[in-house]
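Colleague: Before we discuss this model, could you show it to me, so that each term you use can be set against what is on the screen?

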Amino acid sequence: MKSRFNSPVAWLTSGLFSALSGSSWADQGKSGSDAFDILTDKPTEFFVDATSTNVPIAPSLHATDSVFIDVDKDGDLDVVVSVEHGVNRLYLNDGQGRLVERPSAFGKGIHDSEHVRAADLNADGNMDVVFVAEADEIHQLFLGDGKGGFTDASERLPQTSQGNALALGDVNGDKLPDIVIGSTGETGYAPDAKIIPARNLLFLNDPKRPGYFINATRTHLPETNDQTEGVALADMDGDGDLDMVLVSPAFPNRLLINDGSGHFKDASSQLDLRLPMESREVQVVDVNRDGHLDIVFFNITSNNFGWDKDPQTRILVNDGKGHFRDETAGRLPAHKFSSWGGTVVDFNHDGNPDLLVGAIDVPGFVPLQVRAWQNDGKGQFRDVTADVMPGSTVGRSWSMGRGDLDGDGREDVFIGGWGTQARLLLSDTNAYEATRPAVTPLNSPKTETQ
């Protein structure tokens, strides 16, 4: 999922942010020429941007994805971040949503990690972590000890690939999570670069040795040239097992139906694909509350090569009979920005799934504000960005993680960023404001009297 840019506004959310925000509340109150107050953006009714105070500042980091899990069993969720051309990161939560890095939790090696997912893979009651990598093709498995530590067990993954997508789930009904890796075959960064054939990978968890994996790619997946950038595991036909929705930058998106034993058959003809798309991520959610899962595709016009395909986010609605109809025009706001990722979150707490959509202007790879689209409960969305998103949520937004970090029972969001600061949105705005240090009083000049 490589991207390149040469934009005169690259400083907008990197260098400027670093200069304005500082690294922690500890900076506040220093004496001398380096003293300054941390002034955060005004919160909305729904979110406060807590990045400048609650996230390690790394404005040039390529934070591609994140997952929220309790790695140390202290009762709160921590954040694991995959990093492209960097060291993958573990941010420990203090229980109030303030994240502190635990250095070298996943080693010190630099990899090209594109995605991260977590599950208890070896059935020991502790959460484990999987990363997939693109350029160096080093997929990694780390087994958690429940105390915040991890052991590298990557040798248990039976095959490598140019990994650009990842999902974990029990596909064969043995109560153990399996691993699906989406693969691509890029040979260079150019619009006409050759693409070589690439197979997605399916690793079944070994029931005799949980946490070890059997390569079931050849026996359980269709033999195709996949070129996959995103994958979702979900029960798309209502028969109780996990199916696959696959998105591709080069080929039409696909639907694979599971027979219940982990064998998948192509059913892509059931997708209403009206336009060519360069899709980068997929979310599966019941948008209209009819009990059937629908599909949201996040698309780009090109990988910053210029204007090409229509980047409109698209929604395919399940008719309840196994077919998915494109109803984008009547359900989603129209747009021309490209989106490398987004997530589903009920930000207004009305019980209906809303969408946060990453936005980047292409060509130019220009950072834009993350969009908030509110669901009316019937699967029709309207843009409420101005009311929901703090004004500082500008960047080259990538995949997003979500979960309750501050303990208020509502989901918070960690927004990945490609070469711009990853951002943290907390939902408990009142608690955050109450714990912020007071701004230093400034003495006004005395008024002279005649």
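Modeller: This is a predicted model, and I would begin with its largest nonpolar core, where, of the 18 residues, V79, V81, Y91, L99, F414, L424 and L426 touch the most other members. Strands β2 (62-69), β3 (78-86) and β31 (423-426) each supply at least two residues of this core, and β3 gives the most, with three residues.

Colleague: What makes a set of residues such as V79, V81 and Y91 part of a nonpolar core?

Modeller: A nonpolar core is a set of buried residues of the listed nonpolar types joined through side-chain atoms within 4.5 Å. V79, V81 and Y91 are among the 18 residues of the largest such core, so they count as buried, which here stands for under 20% relative accessible area.

Colleague: Which residues does L424 touch, leaving aside those up to four places away in sequence?

Modeller: With that exclusion, L424 touches V48, D49, A50, T51, N54, V55, G97, L99, L405 and V413, each of these having heavy atoms within 4.5 Å of L424. There is also a second, separate core of 16 residues, which includes I257, L271, V282 and V284.

Colleague: Why is S397 called buried?

Modeller: S397 has a relative accessibility of 3%, and the cut-off for buried is under 20%, so S397 counts as buried. This residue is found in strand β29 (residues 397-403), and, leaving aside its neighbours within four places in sequence, S397 is in contact with W340, G358, A359, I360, V370, I415 and G416.

Colleague: How do you know that strand β14 is mostly covered?

Modeller: Strand β14 spans residues 230-234, and five of its five residues are buried. In a regular strand the side chains alternate between the two faces of the sheet. For β14 both faces are covered, with G230, A232 and A234 buried on one side and V231 and L233 buried on the other.

Colleague: What makes β14 and β15 a pair?

Modeller: Two strands pair if there are at least two bridges between them, and five bridges join β14 to strand β15 (residues 243-247), so the two meet that requirement, running antiparallel. Within this pairing, L233 stands opposite M244 in β15.

Colleague: Why are β24 and β28 called edge strands?

Modeller: Three strands form an open sheet in the order β24-β25-β28, with antiparallel pairing, and β24 (360-361) and β28 (394-395) are the edge strands, since each pairs on one side only. Between β24 and strand β25 (residues 366-369) there are two bridges in the antiparallel sense, and at least two are needed for a pair. The bridge partner of D361 in β25 is V366.

Colleague: What makes a space in this structure a cavity, and how many cavities of 30 Å³ or more are there?

Modeller: A cavity is a set of points where a 1.4 Å probe fits but cannot get out, and the structure holds two such cavities of 30 Å³ or more. The largest has about 60 Å³ of space, and its lining includes V370, T393, S397, I415, Q421 and R423. Both β28 and β30 (412-418) supply at least two residues of that lining, and β30 gives the most, with three.

Colleague: What makes the space lined by R117 and M400 a pocket?

Modeller: A pocket is an open set of points with protein on both sides within 12 Å along at least five of seven lines. The largest pocket has a volume of about 640 Å³ and is lined by 29 residues, of which R117, V282, Q283, M400 and R402 lie nearest its centre. Its lining has 14 nonpolar, nine polar and six charged residues. The second largest pocket, of about 500 Å³, is lined by 24 residues, with A190, P191, I195, E278 and F305 nearest its centre.

Definitions and conventions:
Residues numbered from 1 in each chain as written. Predicted model: local features only at pLDDT ≥ 70, side-chain atom pairs only at ≥ 80, totals over all residues. Heavy atoms only, no water. Helix = DSSP H or I, 4+ residues; strand = E, 2+ residues; numbered from the N terminus. Buried < 20%, exposed > 50% of the residue type's maximum accessible area, 1.4 Å probe, protein only. 1 Å grid on protein atoms, 1.4 Å probe; cavity = no way out; pocket = protein on both sides within 12 Å on 5 of 7 lines; lining within 4 Å. Points joined across faces, edges and corners; volume = space filled by probe spheres on them. Nonpolar A, V, L, I, M, F, W, Y, C, P; charged D, E, K, R; others polar.
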